[in-house]
Amino acid sequence: MNVVIGDFCHYAVHRRLGNEMLPDLLRRADNFPPDGGDDGFNQASIPITPVSPPSGLATGSFNSLHLESKFLAVISSRLLIIAALLSGASLCCAGDVQNINHARPFEPAIKPAFLALAPGAVEPGGWLRDWAQSARDGITGHLDEWHPTFADGWKGIPVNSRGANPDGTGWPIEQSAYWLDGALRLGFVLHDEALIRKVRARLDPIVDGVNKADFGASFIYWKKDFKPKGFDSWAHSQMGRALVALYQGTSDKRVLDALSKVYSDYPANMGTITMGGDGVSGLCNLDAMLETYSYGGDRRILDRVLRAIAQPEVDNEIQGWPSGRLSPGHVVVFYENMRLPAIVYPWSGDLHHLQATAGAFQWLEQQHMLPYGVASGEEFASGIGAFRKTETCNVTAMLLAASWMYRIEGGRDWGDRMERAFFNAGAAPVARDFQTMCYYQSPNRLDSKALPCEQPYSPGAGGIRFDRLGCPAVLCCVGAVNRIIPNYVMHMWMATRDNGLAATLYGPSTVSALVGQGVPVRVVASTDYPFGETIRMDVTPEKETAFPLYLRVPGWCKQPRITINGKMATAVPDDKGFVIIERTWKKGDEVKLFFPMNPLVVRGFETEFPSANRKYFNFEPNSLFQSRRLPYASVLYGPLLFSLPIPDVDANTPEKDVRWKFALDTDARKDDGSITVTRRSMPARWDWPLNAPIRLHAPAKAFDWQPTDAQALPEQPVKDGAPETLSLVPYGCTKFRISMFPVTARAWRDPSK
Ligand SMILES: [Zn+2]
């Protein structure tokens with residue numbers, strides 16, 4: 001056995017070429033005190049209150065003079081970098097990629113931490129496969145049979161749907177591109193040929209249409225000489241993403257030809273980034289453009305990307321992000337836009353680009369993060385609160401943005417963020433059979449017609465009800481929901497630049513990839529995670545071969561244990577939060593991970609709606625915008641948010657006379673053992689059952705409480721009440737619930753002090 005343990009921190013840093021370029025800002029060992037001291041550790045890992053240090057990139061020091069001095073140096077060099085790139089000097093090159101498994105033909109000089117695997121390299125197993133199959137058998141596999149937007153979008157014909165233009169553009173090409181992309185990726189990860197065929201029947205005509213065009217076309221190929229701008233360019237970016245996945249999954253050269261043809265001639269002016277409104281941006285094509293360049297190498301594409309990000313108005317906008325100069329606009333737009341500078345960073349070499357995205361993440365987490373791991377957005381950012389809502393498109397967009405940061409920067413926090421969002425916010429807005437979904441979810445939900453209020457400004461009535469089409473009036477979310485599962489699965493494993501493999505997100509899965517000197521390996525991760533704490537990995541290389549296996553240790557896990565073929569290995573993570581096992585692997589090797597979970601009570605304040613959005617929210621009622629600090633507490637266990645379930649008759653009907661008026665009453669200072677855990681075996685088939693395989697039992701006090709939509713929580717900690725024990729289940733298993741609880745005076749502690 002060759003388990004390199006004691007020395008690998010040092011070793012790993014040097015092997016991760018990209019990391020040497022990263023600033024101290026992005027090294028977060030300081031943010032995770034190794035002693036695991038109770039609240040200090042926990043607070044650092046929980047980015048959901050406006051006052052506690054958020055996890056991830058920029059705790060505390062973000063506004064320090066130290067950082068500003070770094071910035072000055074960075075900014076003074078960045079114009080030179082951009083100018084050099086545009087004049088033909090190259091930070092990017094074909095380079096020596098032939099010995100790096102899963103490298104693209106054209107790699108940036110600044111190497112992202114991880115190399116993404118093609119869709120299909122990772123397959124879901126166990127409970128996750130059950131859920132993915134429900135998606136296939138439900139909305140994802142059948143949406144085109146349910147509405148003209150999905151039946152006719154991207155066919156170049158008029159679509160009988162709201163927001164459609166007579167020329168075949170408009171809302172349907174945005175909404176159906178979401179679905180086509182999600183359905184294709186789900187087909188790949190499940191290796192479901194029928195689903196892949198169904199989507200290809202829609203995408204192949206686009207590929208052929210582009211390739212047959214006389215000269216530079218767009219994916220909206222049926223409009224001759226058409227150069228998309230505004231909304232059409234944004235919708236176009238979603239199709240670009242789908243076609244990138246199609247190329248990655250099939251290696252069909254026709255697809256790459258079409259992508260290269262379109263993006264080498266795409267308008268250099270793709271618009272700007274506006275974070276304070278709802279203006280979608282054509283710059284969202286940048287990820288598909290860079291992916292296309294990395295495979296095809298048409299230099300004109302890279303030039304367009306670099307010119308687009310260097311536009312003065314874009315540059316001026318993103319410069320303010322690290323210092324929090326951001327406005328709370330439409331959150332889908334926010335998540336989509338905030339990732340763009342970081343995606344360009346490996347190619348631009350401009351460190352500020354990476355810092356900009358990191359700053360935007362931090363700002364959003366401080367101002368608008370809800371306990372299930374995704375920001376509020378109704379559709380505009382709406383602060384922190386128990387009835388605040390999150391548009392399902394935001395779950396998709398958050399996972400997408402975080403996956404890019406994970407791939408580029410490589411820190412485990414991104415994995416923690418993605419798991420929190422996926423296991424909680426990813427599950428709640430979908431019915432257990434994946435036949436219906438809802439546009440909005442909220443931490444607390446009491447009734448399907450009121451609380452939270454049925455009608456925010458947009459999209460109108462029906463926003464919180466489950467329906468085949470989500471909110472039938474606006475079909476973005478029922479399109480976007482299909483991307484959640486496959487994008488998570490695709491990022492569960494990634495390749496490393498030292499020809500190893502990294503377990504980046506957990507859950508039951510099988511990965512097939514190349515390691516070492518191009519040796520195929522298969523790793524099967526068998527686990528009930530996150531409903532269990534143990535993960536068994538069976539490693540099967542085609543032949544004995546040496547390679548490093550990177551294992552992410554979740555930030556919340558204080559005492560990880562790892563065994564290899566039954567022998568204990570020292571599980572000390574490196575500065576990115578990974579344990580790296582370096583050895584010669586052979587068939588039959590078995591790695592076991594044990595990530596013990598502890599109940600974690602997080603405390604925070606419900607805040608007012610952001611005043612910047614008063615106009616959007618019709619200026620009323622006034623009380624929504626008046627400063628408020630209403631205490632709440634939530635319970636986490638590993639990546640799972642727990643909630644008091646209000647049993648449902650169906651997804652729109654709660655059972656009557658269920659008691660839910662309680663204040664959480666656990667010790668504020670430490671894990672006092674007052675929350676206990678019970679488990680039962682996993683169900684034969686997973687469908688997010690209310691009768692969950694894991695329950696937490698938490699002390700509470702019953703008290704009278706009359707929440708309103710304008711004020712969801714009591715003003716002050718609760719002083720009196722009869723003691724009770726609540727039985728909590730994973731948030732994702734509920735359709736009606738309390739997950740942001742009032743808190744007793746005994747259990748309250750101001751997290752800002
Ligand atoms: Zn939506």
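These legends walk through several close-up views of a predicted model.

View 1. Welcome to a chain of 753 residues, of which buried residues make up 60%. Its secondary structure comprises 20 helices and 26 strands. Among the contacts with a separation of 6 or more, 72% link residues 24 or more positions apart.

**View 2. Here is the largest nonpolar core.** This core has 230 residues, and Val305 and Leu501 have the most contacts inside it. Helix 17, spanning residues 392–409, gives the most to this core, with 12 residues.

**View 3. Helix 9 is a largely enclosed helix.** Helix 9 runs over residues 230–250 and has 21 residues. From its first C-alpha to its last, helix 9 reaches 31 Å, close to the 30 Å expected at 1.5 Å a residue. Is helix 9 largely enclosed or largely open? Of its 21 residues, 18 are buried, so helix 9 is largely enclosed by the rest of the structure.

**View 4. Helices 7 and 8 cross each other.** Two packed helices are described by the angle between their axes and the distance between the axes. The axes of helix 7 (residues 171–190) and helix 8 (residues 193–212) come within 8 Å and cross at roughly 145°. The crossing of helix 7 with helix 8 is left-handed. On the helix 7 side, the contact is made by Leu180, Ala183, Leu184, Leu186, Gly187 and Phe188. Helix 8 contributes Leu195, Ile196, Val199, Arg202 and Leu203.

View 5. Strand 8 (residues 501–503) and strand 12 (residues 545–552) run parallel and are joined by three bridges. Ala503 has Leu551 of strand 12 as its bridge partner. On to the next pair: strand 12 and strand 15 are antiparallel, with eight bridges between them. There, Pro548 stands opposite Glu582 in strand 15. Six of the eight residues of strand 15 are buried, so this strand is largely enclosed by the rest of the structure.

View 6. Strands of a sheet pair through backbone hydrogen bonds, either parallel or antiparallel. In this view the strand order is 4-9-10-11-16-13-14, with antiparallel pairing. Which strands stand at the edges? They are strand 4 (122–124) and strand 14 (567–569); each has a single partner strand, so one side of each is left without a neighbour in the sheet. From one strand to the next, the twist averages 20°. Strand 13 (residues 561–564) pairs with strand 14 over three bridges in the antiparallel sense. Within this pair, Ile562 has Ala569 of strand 14 as its bridge partner.

View 7. Helix 4 covers residues 126–137. The strands that helix 4 lies across are strand 4, strand 9 (509–515) and strand 10 (519–527). Relative to strand 4, helix 4 runs at about 85°.

Definitions and conventions:
Residues are numbered from 1 along each chain as its sequence is written. This is a predicted model: local features need pLDDT of at least 70, side-chain atom pairs count only at pLDDT 80 or more; totals for chains, interfaces and linings use all residues. Helices (H or I, at least four residues) and strands (E, at least two) are DSSP runs, numbered from the N terminus. The expected span of a helix is 1.5 Å times one less than its number of residues. A residue is buried if 20 or more other C-beta atoms lie within 10 Å of its own, exposed if 12 or fewer, and partly exposed in between; C-beta atoms are placed from the backbone. A nonpolar core is a set of buried Ala, Val, Leu, Ile, Met, Phe, Trp, Tyr and Cys residues joined through C-beta atoms within 7 Å. Two residues are in contact if their C-beta atoms, placed from the backbone, lie within 7 Å. Two strands pair if DSSP finds at least two bridges between them. Axes are lines fitted to C-alpha atoms, for helices over the stretch in contact, and angles run from 0 to 180 degrees between N-to-C directions. A crossing is left-handed if the near helix is turned anticlockwise from the far one by less than a right angle, and right-handed if clockwise.
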